[in-house]
Amino acid sequence: MEVSALAVDVVKNYINGRWVESKAKETRDVINPATSEVIAKTPMSTAEEANKAIEAAKAAFRRWRTTPVFTRIRYLNRIRDAFEDNYEELCKILTMEQGKAIDESRGEYRRTIENLECATSIPSLQMGYNTEDIAAGIDEMVIKQPLGVFFCVAPFNFPGMVPTWFWPFAVGAGNTYIVKPSEQVPMSQVRQFEIIDKVGLPKGVLNMVHGDAEVVNAFLESPDTIGMSFVGSTRVGKLLYKKAGEYSKRAQVQGGAKNFLTVMPDADLERTVPALITSFYGCTGQRCLAGGVLLAVGDAYEPLKEAIVEASRTVSVGYGLEEGVQMGPLASKQGMDRVLSYIEKGLEEGAELLLDGRGIKIKDYENGYFVGPTVFDKVKPDMAIAQEEIFGPVIPIIHVKDLDEAIEIIHANRYGNASSVFTSSGSVAREYQYRVRAGNIGINIGIAAPIATFPFSGMKDSFMGDLHGQGKDAVDFFTENKVVITRWF
Ligand code: NAD
């Protein structure tokens with residue numbers, strides 16, 4: 001494993017097919033959250049460096065868009081194979097910098113590879129359409145053309161996968177691209193780019209610049225970029241969406257979430273509880289599709305509450321690199337402090353702790369940012385723990401009388417990323433999918449995560465824009481429908 005080769009280095013930018021040291025004065029420590037050791041440093045690159053990447057991508061676009069589509073996707077296939085060849089190493093790096101359990105990293109990389117696989121369908125996804133004789137002897141057609149330089153701004157929770165919601169589709173369609181990883185977790189992208197570099201993608205087609213607001217602002221302000229895909233908090237997303245409008249950029253902004261999971265009295269509890277546990281505690285609750293609130297309807301409440309606490313006690317917490325560990329630490333000290341402050345807030349607002357994950361000590365990893373499974377009862381809809389994104393392993397339970405009350409609570413929340421119902425009634429399930437305003441609906445599924453061929457949806461404050469990441473939506477986002485009307489004399 002080559003992980004140590006990256007250790008405590010300042011990670012480099014990848015511009016125009018070359019690894020370039022940033023001239024940034026400021027760096028940010030990359031910390032293994034299970035051990036609190038510094039494992040690398042991220043440079044806060046300058047606007048000048050961001051512009052160099054744009055220049056490279058702009059220059060590469062001229063040739064790349066004329067590269068036949070099957071040649072373009074051959075590169076994607078090779079990158080896909082190279083990721084597969086380095087699969088375990090990539091998963092380990094991901095766990096080291098982000099903290100999630102190794103099996104979760106494996107799941108994330110499976111999805112990463114699936115995104116590449118889906119983008120290899122570009123020749124059919126990017127097909128235009130035509131109509132003959134719109135008037136006598138006149139034909140009309142739509143050709144879907146690539147546009148130029150796009151970029152993404154990625155969050156800390158899925159450092160391996162999120163950029164592949166976008167760039168394989170952009171590049172496959174003939175655009176060129178710049179990835180800006182989260183400064184908290186740059187190493188997964190660094191390793192991916194080392195692998196991509198060996199595959200020999202033409203220079204400038206895919207670039208990476210590390211940093212924060214200065215880099216992103218330079219991308220948005222440049223006349224030479226076309227659009228941005230942002231994934232992160234709603235607070236930052238709104239700021240950037242506004243700025244993207246100001247600079248006439250295309251933008252798709254995937255923001256924060258508070259996902260409500262509703263359990264009806266007729267749910268099959270034995271199979272529902274494990275799904276709920278994965279939903280709330282998977283990735284230590286740091287998932288935009290994570291369960292945020294558990295709505296227990298009517299008679300479901302008592303047995304569900306007991307079963308949830310019992311199942312929560314059995315979740316094994318530890319260093320994600322150890323096989324069998326189900327839940328790793330929070331990804332940062334800041335993230336841990338945020339979760340702890342929400343637990344305090346819940347208590348202050350009168351909720352009752354049924355299981356307290358604070359102060360958990362993991363042998364050999366006493367300095368890790370661990371919080372154990374935590375369950376709150378007697379939660380009211382207006383409490384902070386029921387309203388805001390905690391991004392940690394906390395289950396707030398609200399007892400509601402019926403489906404209408406559940407949906408009322410869901411709709412009063414600002415977010416609309418995902419929501420699930422557990423029931424054995426087809427008509428309840430149908431009503432739920434019909435009425436609930438959330439972009440991803442689960443029916444007896446805890447994490448309704450769309451696969452690569454489907455749009456990664458989201459509504460309300462969880463998404464700004466119209467075309468989503470992944471699949472056909474992504475292809476539409478990265479292309480323009482040019483209408484051509486022809487008549488030959
Ligand atoms: P964040 O908003 O703090 O950061 C996201 C990215 O924005 C980072 O790359 C960061 O460098 C950049 N950034 C931060 N401040 C900026 C500024 N002022 N100007 C320009 N760029 C700036 O988010 P995070 O903490 O990394 O990620 C967690 C959030 O992401 C959660 O809210 C989670 O729900 C959300 N998320 C959403 C989805 C989705 O699909 N809806 C998926 C994953 C994560």
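Modeller: Let us begin with pairing: two strands pair if DSSP finds at least two bridges between them, and strands (E, at least two residues) and helices (H or I, at least four) are DSSP runs, numbered from the N terminus. Please keep in mind that this is a predicted model, in which local features need pLDDT of at least 70 and side-chain atom pairs count only at pLDDT 80 or more, whereas totals for chains, interfaces and linings use all residues. Residues are numbered from 1 along each chain as its sequence is written, and side-chain values use heavy atoms, with hydrogens and water left out.

Colleague: Which residue in β22 does valine 142 stand opposite?

Modeller: Valine 142 stands opposite valine 483. Strand β6 (residues 138-146) pairs with β22 in the antiparallel sense, over 9 bridges. These strands belong to an open sheet of 3 strands, in the order β5-β6-β22, with antiparallel pairing; its edge strands, β5 (129-135) and β22 (479-487), each pair on one side only.

Colleague: How should I read a sheet with mixed pairing, and what is the strand order in the open sheet of 7 strands?

Modeller: As a general idea, the side chains in a regular strand alternate between the two faces of the sheet. Here the order is β14-β15-β16-β13-β12-β18-β19, and the pairing is mixed. Because β14 (352-355) and β19 (440-443) stand at the edges with a single partner strand each, one side of each is left without a neighbour in the sheet. The twist averages 25 degrees from one strand to the next, where angles run from 0 to 180 degrees between N-to-C directions and axes are lines fitted to C-alpha atoms, for helices over the stretch in contact. Within this sheet, β12 (residues 259-263) and β13 (residues 291-297) run parallel and are joined by 5 bridges, with alanine 296 of β13 as the bridge partner of valine 263. Helix α14 (residues 403-412) packs on the sheet, touching β12, β13, β16 (394-400) and β18 (418-422), contact meaning heavy atoms within 4.5 Å.

Colleague: How do I read a pair of packed helices?

Modeller: Two packed helices are described by the angle between their axes and the distance between the axes. The axes of α3 (residues 87-98) and α7 (residues 187-199) come within 8 Å and cross at roughly 160 degrees. That makes α3 roughly antiparallel to α7, since angles under 35 degrees count as roughly parallel, over 145 as roughly antiparallel, 65 to 115 as roughly perpendicular and the rest as oblique. Glu89, Leu90, Ile93, Leu94 and Glu97 of α3 make the contact with Met187, Ser188, Arg191, Gln192 and Ile195 of α7.

Colleague: How are α10 and α11 arranged?

Modeller: The axes of α10 (residues 269-281) and α11 (residues 301-313) come within 10 Å and cross at roughly 55 degrees, which makes α10 oblique to α11. Leu269, Val273, Leu276, Ile277 and Tyr281 in α10 meet residues of α11 including Pro303, Leu304 and Ala307.

Colleague: Is proline 155 buried or exposed?

Modeller: Buried means under 20% relative accessible area, exposed over 50%, and partly exposed in between (1.4 Å probe, protein chains only). Proline 155 is buried, with a relative accessible area of 12%. Proline 155 lies in the loop between β7 (149-153) and α6 (167-172), and among the residues that proline 155 touches are Val162, Ser182 and Val185.

Note on methods: Lists of a residue's contacts leave out its neighbours within four places in sequence.
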